[in-house]
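Subject: Structure handover

Hello,

Here is the structure I promised to pass on. Please open it next to this email and follow along.

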Amino acid sequence: METEVLQVISPDGTINEAAVKKAASRLLNGEVVAIPTETVYGLAANAFDESAVAKIFSAKGRPQDNPLIVHIAAIDELAQLVTDVPESAKRLAKAFWPGPLTMILPRSDRVPAGVSAGLPTVAVRMPVHPAAAAVIRAAGVPLAAPSANLSGSPSPTNAAYVLADMRGRIPLILDGGACKVGVESTVVSLTGDVPRVLRPGGVTVEQLRGALGEVEVDDAVLHKLKDGAVAASPGMKYKHYAPRADITILRGTFEQFCDYVAGKDATVLCFQGEESHFPHAVTYGKAHDGASQAARLFDALRELDEHGAATVYARCPELDGMGLAVYNRLIRAAGFHLIDLDHTEK
Ligand code: TXA
Ligand code: MG
């Protein structure tokens, strides 16, 4: 299959309507199209078309038990997807939609079970990216879309990375440039008594607490699931975001980090401005700035592979604000391998 790439944002910043129209007609024809969103690129299909949704799973090589997010362009599209819109969902929609927030709610019969991998719930998000919104509107149906990477690779934050993974597997990629947020949306479940964050992302836990009060963070956000444990968010159990390189996160000061890596034949994943201290370094944003780290992290993971890095030592992000989302991705990319330099014998 030929994979066509179309610019969806014109040089003057306006939406290329012809590209949007083409994407919409492919989607209504039961095909899969990659679209930009503010978080990462998505691999979209008509959420009401079970066989189109099945094509997403095969294009990605995605395990059948990992559910998809349904993307909408307006709040009035929510009611058909869910059986209940609790007060908490209304509040979050008002505060953070359109934007990088996904809500888990009870699934209506209108949504094919395959979208949610058979779960009684459905994940819904309203992206703020103008091209994503335009495609959803033009198609006139909600779009089921996971991140547009091959299962297990870092999520793609530009069209070239989508093409690298999806060439020959899908007919069309809309190129909307680099994604601003750079990590996926925050996933929050609203099906229990207390809202629970299943995946941290572009909306921070602090922001959610500001809107809702009490919010729990699922154990799987920071820790590896114990063998046999059931994941609240199936995506959290898979090896994810993994470059070929073997990554170890080193928690501690920059000085401790330098001491630890000195003399080792390794590539360093560090913050901007630190790279001159090492012979082989890739940077991922600024220290103490989770948003800038998020915007760079997945590109940096792909660059490590492009550099052929075998052993990588990574600086540790902070765990508040956007840093939590960055840490959540990096610890998975590192296979949960973390060394605390404050507690290491020298
Ligand atoms: O920013 C994003 O969320 C991007 C863009 C394209 O919108 N999409 C994305 O999709 O990251 P994906 O499929 O890569 O991640 C969806 C996550 C997975 O961890 C999945 O297990 C979880 O959401 N999820 C989806 N539906 C769920 C459900 N009903 N219950 C629990 N977790 C769910
Ligand atoms: Mg993904």
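This is a predicted model: local features need pLDDT of at least 70, side-chain atom pairs count only at pLDDT 80 or more; totals for chains, interfaces and linings use all residues.

Five strands make an open sheet, in the order β14-β13-β15-β12-β16. The pairing is parallel. The edges are β14 (281-283) and β16 (338-340), each of which pairs on one side only. On average, neighbouring strands of this sheet are turned by 25 degrees against each other, direction ignored.

Some pairings to look up:

- β12 (residues 246-251) and β16 run parallel and are joined by 3 bridges. I249 has L338 of β16 as its bridge partner.
- β13 and β15 also run parallel, with 3 bridges between them. Here L269 is partnered by A314 in β15.
- β13 and β14 pair in the parallel sense, over 3 bridges. V268 has A281 of β14 as its bridge partner.

Is β13 covered on one face or on both? Both: T267 and L269 are buried on one side, V268 and C270 on the other. In a regular strand, side chains alternate between the two faces of the sheet.

**The helices**

Helix α7 (residues 254-261) lies across β12, β13 (267-270), β15 (311-315) and β16. It runs at about 170 degrees to β15. Helix α9 (residues 323-333) lies across β12, β13, β15 and β16 as well. Its angle to β12 is about 135 degrees.

**The aromatic rings**

There are 4 aromatic pairs. Take Y260 and Y313: the ring centres are 5.6 Å apart and the planes stand at 70 degrees, so this pair is edge-to-face. Y260 belongs to helix α7 and Y313 to strand β15, so the pair ties together parts 53 residues apart in sequence. Y260 is partly exposed, at 23% relative accessible area. Y313 counts as buried, at 12% relative accessibility.

F271 and Y284 form a tilted pair, because their centres are 5.0 Å apart and their planes at 40 degrees. F271 lies in the loop between β13 and β14, and Y284 in the loop between β14 and α8 (290-306), so this pair ties together parts 13 residues apart in sequence. Both residues, F271 and Y284, are buried.

F254, F257 and F278 form one aromatic cluster.

**Charges over rings**

Which residue lies over the face of Y260? K264 does, at 4.1 Å from the ring centre. Over the ring of F257 sits the charged end of R315, 5.8 Å from its centre.

Best wishes

Note on methods: Residues are numbered from 1 along each chain as its sequence is written. Chains are lettered from A and ligands numbered from 1 in the order in which they are written. Side-chain values use heavy atoms; hydrogens and water are left out. Two strands pair if DSSP finds at least two bridges between them. Helices (H or I, at least four residues) and strands (E, at least two) are DSSP runs, numbered from the N terminus. Axes are lines fitted to C-alpha atoms, for helices over the stretch in contact, and angles run from 0 to 180 degrees between N-to-C directions. Contact means heavy atoms within 4.5 Å. Buried means under 20% relative accessible area, exposed over 50%, partly exposed in between (1.4 Å probe, protein chains only). Rings of Phe, Tyr and Trp (its six-membered ring) pair if their centres lie within 6.5 Å; planes under 30 degrees apart count as stacked, over 60 as edge-to-face and the rest as tilted. A charge sits over a ring if NZ of Lys or CZ of Arg is within 6 Å of the ring centre and within 35 degrees of the ring normal.
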